[in-house]
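Colleague: I'm new to this one. Could you walk me through it?

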Amino acid sequence: MAVEQKIRELQHFINGSLVPGTSGRFSNVYNPCTGEVIARVPLATREEVRHAIEVAKNAFPKWKAMSGGKRSEIVQRFRQLIAENQEELIEIICEESGKTKEDARGEIQRGLESVDLAINAPHMVKGEYSVNVGGDINAFSRKDPLGVVAAISPFNFPVMVPLAQTSMAVAVGNAVILKPSEKVPISALYISNLWKEAGLPDGVWTVINGDKEAVNELLENDTVQAIHFVGSTPIAEYIYHTGTKYNKRVAALGGGKNFMIVMPDADLEKAANAFIGAAYGAASQRCMALSGVIPVGKETADKLVAILKEKIEKLKVGPYTDDNVDFGPVISKESKETILGYLERSLKEGAKLVTDGRNPEILKTLNGFYLGPTLLDEVTPDMEIFKYEVFGPVRIVVRADSLQEAIDIINSHELGNGVTIFTNNGAAARKFQDEIEVGMVGVNVPIPIPVGYHNFAGWKRSNFGTGVMFGPDQANFYTKRKTISEKWLDVDTESKVTFAFPSN
Ligand code: NAD
């Protein structure tokens with residue numbers, strides 16, 4: 001008789017403790033490498049979210065009143081704990097997301113850059129001061145935390161994105177509610193315990209698990225002052241419009257369709273290597289993954305496609321438990337089907353298969369959500385596969401006759417997250433930087449993700465509002481400025497009624 005294994009039931013993290021969900025609704029969490037359910041995550045009701053918000057609201061005043069230096073000490077201890085527990089965290093990321101261990105290690109490192117910046121929060125919110133702006137008045141500004149703020153995260157970086165969204169929010173004195181992706185909630189719960197261990201007061205950090213219902217309560221609840229969303233473009237747009245309708249500050253970062261232009265003078269071997277890593281790494285499930293390459297000129301295109309074909313055919317797909325794989329599965333069966341749908345339809349529209357990843361050779365015992373690397377040539381901007389972000393290893397070649405045409409193709413796209421050019425021609429690189437309508441730009445750098453102390457944000461429909469995913473601007477997003485004009489009156493101070501508009 002088969003022994004039935006009990007599936008682990010996850011919880012929420014409220015008021016410094018794990019608490020079970022009460023909704024009776026759950027979502028399965030998979031190991032994408034095996035296709036097995038590893039846990040089920042509760043999906044919170046509006047009532048549960050309201051309770052979490054009340055707890056956060058009650059924790060806020062004391063946290064706000066703590067000195068910036070003391071808060072920074074706690075953030076610093078949190079950073080230390082992540083570093084000390086990195087190996088365990090890597091295992092968790094890999095199991096619930098399917099990415100390789102090296103990739104998970106990289107994501108933690110990049111996430112820590114946001115924590116490092118947050119440790120400097122007192123410096124970043126210290127405001128301005130002017131002595132005697134007129135009539136013995138001193139003017140100064142201060143940046144106060146907002147109160148209860150919420151972050152809503154995507155599945156593809158279970159640790160890096162939540163750290164990027166929330167570290168500064170905590171450090172400047174807010175009470176933070178994280179709603180992680182229901183596909184990868186285990187990493188967020190693990191991090192919650194590290195905050196607790198670091199000494200963060202109960203209630204300042206909350207993880208509420210859920211889906212649209214939980215998100216809608218966060219969007220509509222008057223106590224929540226700001227929403228920081230990272231995810232797909234359609235949901236980002238919904239979050240932006242709904243959150244602003246409820247008078248909240250909203251950052252809503254969406255998807256990307258990121259291209260690499262390859263100029264005729266570029267070293268094609270180097271360009272091909274750069275493309276392959278940035279295009280297929282993490283099974284292409286990165287908002288900054290290269291979606292396609294635009295070689296300039298027929299000769300460049302023919303040579304580059306031949307080099308890419310040879311290299312892509314050697315890539316190894318498989319589970320993270322094998323240290324030699326280049327990338328793992330996609331996140332879910334549904335995602336795999338969506339990606340295959342784009343691929344099939346692109347062939348009907350006239351795209352040409354260079355490499356076909358539809359049936360990758362994976363260990364026969366594994367039922368994971370694998371797709372091999374596919375490259376499609378002769379894609380044109382009117383095809384569906386050009387227009388939409390495809391979140392999986394199907395990448396495209398769009399041929400252009402000139403740099404101008406390549407720039408125009410990219411600028412015609414509704415998304416504008418990342419872009420890069422490979423060239424040794426300074427004038428071409430300068431023209432590209434000047435004319436390209438994209439937020440993060442590389443020159444001979446395949447994934448131009450800024451370092452943590454620069455701002456990360458796309459343009460156009462890759463970002464609704466003016467928020468950033470990480471970087472110094474987070475300090476402004478999570479604080480409100482108060483500008484104070486102060487004068488002390490003594491007995492000699494002249495006093496009279498004046499009706500003129502005050503001036504210096
Ligand atoms: P997603 O939009 O499906 O989900 C993101 C979050 O929104 C999840 O927490 C999910 O529970 C919630 N959500 C989903 N549907 C909702 C709805 N109808 N109403 C309210 N909430 C809802 O995104 P995903 O598939 O988890 O992540 C991949 C996407 O995220 C890709 O498009 C990728 O490009 C994007 N992304 C963008 C950035 C960036 O900084 N621009 C970074 C990482 C990922």
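Here is a short chat about the model.

Modeller: Before you ask, residues are numbered from 1 along each chain as its sequence is written. This is a predicted model, where local features need pLDDT of at least 70, side-chain atom pairs count only at pLDDT 80 or more, and totals for chains, interfaces and linings use all residues.

Colleague: Which domains does the protein have, by the domain assignment?

Modeller: The bounds come from an automatic or database domain assignment. Each domain is built from two stretches of sequence: domain 1 (8-255 + 458-483) and domain 2 (258-414 + 418-443).

Colleague: And how many residues does each domain bring to the contact?

Modeller: The C-alpha centres of domain 1 and domain 2 lie 31 Å apart. Two residues are in contact if their C-beta atoms, placed from the backbone, lie within 7 Å. On that basis, the contact takes 22 residues from domain 1 and 24 residues from domain 2.

Colleague: Where does the ligand lie relative to domain 1 and domain 2?

Modeller: Look at who supplies its shell. Domain 1 and domain 2 both give residues to it, so the ligand lies between them.

Colleague: Which residues come nearest to the ligand?

Modeller: A residue is near a molecule or strand if its C-beta atom, placed from the backbone, lies within 6 Å of it. There are 28 residues around the ligand, and the ones that come nearest are P154, G231, S232, G255 and C287.

Colleague: Is strand β8 largely enclosed or open?

Modeller: Strands (E, at least two residues) and helices (H or I, at least four) are DSSP runs, numbered from the N terminus. A residue is buried with 20 or more other C-beta atoms within 10 Å of its own, exposed with 12 or fewer, and partly exposed in between, the C-beta atoms being placed from the backbone. Five of the five residues of β8 (residues 148-152) are buried, so this strand is largely enclosed by the rest of the structure.

Colleague: Which residues of β8 point each way?

Modeller: In a regular strand the side chains alternate between the two faces of the sheet. In β8, V148, A150 and I152 point one way, and the other way go V149 and A151.

Colleague: Which residue of β11 stands opposite V149?

Modeller: Two strands pair if DSSP finds at least two bridges between them. β8 and β11 (residues 224-230) pair in the parallel sense over five bridges. Within that pairing, the residue opposite V149 is A226.
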